[in-house]
Amino acid sequence: EICACLVGSEMCIRDRLVARGFSQKYGEDYDETFSPVAKMTTVRSLLSLAASFGWKLWQLDVKNAFLYGELDKEIFIEQPPGFESQEYPNHVCKLKKALYGLKQAPRAWYGKLAQFLQFCGYMASSADSSLFFKRSGRVHVVVLLYVDDMIITGNDDAEIARLQEDMSVRFEMKKLGELNHFLGLEVERVKDGIFIGQQGYAKRIVDRFGVHQGKVRSTPLDTNIRLKRDEGSLLANPRPYRSLVGSLLYLTITRPDIAFAVGLVSRFMQEPRKPHLEAAKKILKYVKTTLGMGLMYKYNAKVSLHGFTDADFGGDLDDRKSTSGFVFLCGDTSISWCSKKQATVSLSTTEAEYKASTLAAQECIWLRRLLEDLFEPINKSVTIYGDNQSAIKLANNPVFHGRTKHIELEHHFIREKVLDGTIEALEVRSEDNIADIFTKSLPKGQFEILRSKLGMVDKIKFKGEY
């Protein structure tokens, strides 16, 4: 039998209650439980435009957010320990609203807030479902949602204040003032712009994994490092290695300079060996040396999107697959980057570079849509620079069938976008190709030059300016 009621008070028992779907208990699957959250590229893009336009950034936090969600399906829970009914000990309870511990709770909360924002005149972005914007005459306001944390910015202080007041009436909110911490990111308004970094998080992982001594490292990896899957002795306990690499992966949100190095050591998570651990520790020593490193989005910078792409041909020593790398900059600071091993083996440098260009083209199309929703439409071709002449000619020439007939159809996407004027593929000298930092380990001099071109600065070294 089913008791159609809600047990006790949600506010009192939510931390002790383990919610279960009645359907799961009887062998059926849950319905949709996925809830959209903001992409980190969206966060960086928003900060970049806020610095360029001189917008203030405000942060809000919703108290007990999941309790506001309304369920569109029947869900039942077992009676929680200590709250069993003496009269009906074998009954279950029907939920009327979402509850902490329920898998559908994040999605229900997102639906509730999205409905409220749409009622207030905001539209969801087609590029990122967690980005809401309002464009009315000269009023431009943006809301970025990550579960119960929100960033609000725009050019109309009155509209922002009105929205904050309306949300405080509808939900129990905590106004955190101007943005300074968001999901572990430290955001500071400094002399030249908005600085984002993860200095506190970096300190914690350095302390946690005990890298207190050793040489100062100026690069994450040794030049021409050669790591193989089966070389070296297996680690007796692989958990610390996996934990270290996982921690470093989160640090790449504001540290593109370690993206390639962390991506390389993450390939050996299944069976890590001693050389892999030594390489991971070197990355952490470099992080300790450069704790204050982060991205600087400058005030009044010209909003212009452009990118760089590169590939390291056959760089993986185990399967000889190449590594793709790209970076997109808004003004002089990077907002999106990637270092990724390709899915198939390339037969030439040209093919490897061509595949990397296609990956960059996909990101470019998405970034164009995102910036358009952030009130900065791009009415001209976005330039993507590469250092391989043949790959650039391949992207511009639609009749190179003899040399490209074995390349998967999906990789010809960039050719279509070049021909319709969305993207312009241009050549750049290898030493000026910023994406080189995402495909291989570099010597100190070249590494530091490319790192600065990413828009990275060390806050500790320039402490006087802050």
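Predicted model: local features only at pLDDT ≥ 70, side-chain atom pairs only at ≥ 80, totals over all residues.
Let's start on helix H14, where Gln446, Phe447, Leu450 and Arg451 are buried, with buried meaning under 20% relative accessible area, exposed over 50%, and partly exposed in between (1.4 Å probe, protein chains only). Those four cover an arc of only 130 degrees around the axis, which puts them on the same side of H14; the arc is taken from the directions from the helix axis to the C-beta atoms.

Residues are numbered from 1 along each chain as its sequence is written, and side-chain values use heavy atoms, with hydrogens and water left out. Helices (H or I, at least four residues) and strands (E, at least two) are DSSP runs, numbered from the N terminus.

Back to H14. Its buried residues pack against H9, strand S13 (293-298) and strand S19 (456-458), where a contact is heavy atoms within 4.5 Å. Just past the end of H14, Gly455 has a positive phi of about 90 degrees.

Five of the six residues in S13 are buried, so call it mostly covered. S13 pairs with strand S12 (residues 193-197) in the antiparallel sense, over five bridges; to count as paired, two strands need at least two DSSP bridges between them. Here Ile194 stands opposite Tyr297 in S13. S13 is also joined to S19 by three bridges, again antiparallel, and there Gly294 sits opposite Val457 in S19.

H14 also takes part in a charged pairing. Lys453 forms a salt bridge with Asp432, their closest N and O atoms being 3.3 Å apart; a salt bridge here is a side-chain nitrogen of Lys or Arg within 4 Å of a carboxyl oxygen of Asp or Glu. Lys453 lies in H14 (residues 444-453) and Asp432 in the loop between strand S18 (423-427) and H14, so the pair ties together parts that are 21 residues apart in sequence. Lys453 counts as partly exposed because its relative accessibility is 31%, and Asp432 does too, at 23%.

By this rule, the count comes to 19 salt bridges. Some share partners, and that's how Arg267, Asp316, Asp319 and Lys341 end up in one network. Within it, Asp319 forms a salt bridge with Lys341, with the closest N and O atoms 2.9 Å apart. This pair links distant parts of the chain: Asp319 is in the loop between S14 and S15, Lys341 in strand S16 (residues 333-341), 22 residues apart. Asp319 is partly exposed because its relative accessibility is 23%, and Lys341 is partly exposed at 27%.

The Asp316 side chain reaches the backbone nitrogen of Asp319 at 3.2 Å, and a polar contact of 3.4 Å joins the side chains of Asp316 and Lys341. (A polar contact is a pair of N or O atoms within 3.5 Å; within protein, one must be able to donate a hydrogen and the other to accept it, and residues adjacent in sequence count only if both atoms are side-chain atoms.) Leaving out residues up to four places away in sequence, Asp316 touches Arg267, Lys321 and Lys341.

Elsewhere, Asp230 forms a salt bridge with Arg273, the closest N and O atoms being 4.0 Å apart. Asp230 is exposed because its relative accessibility is 57%, whereas Arg273 is buried at 12%.
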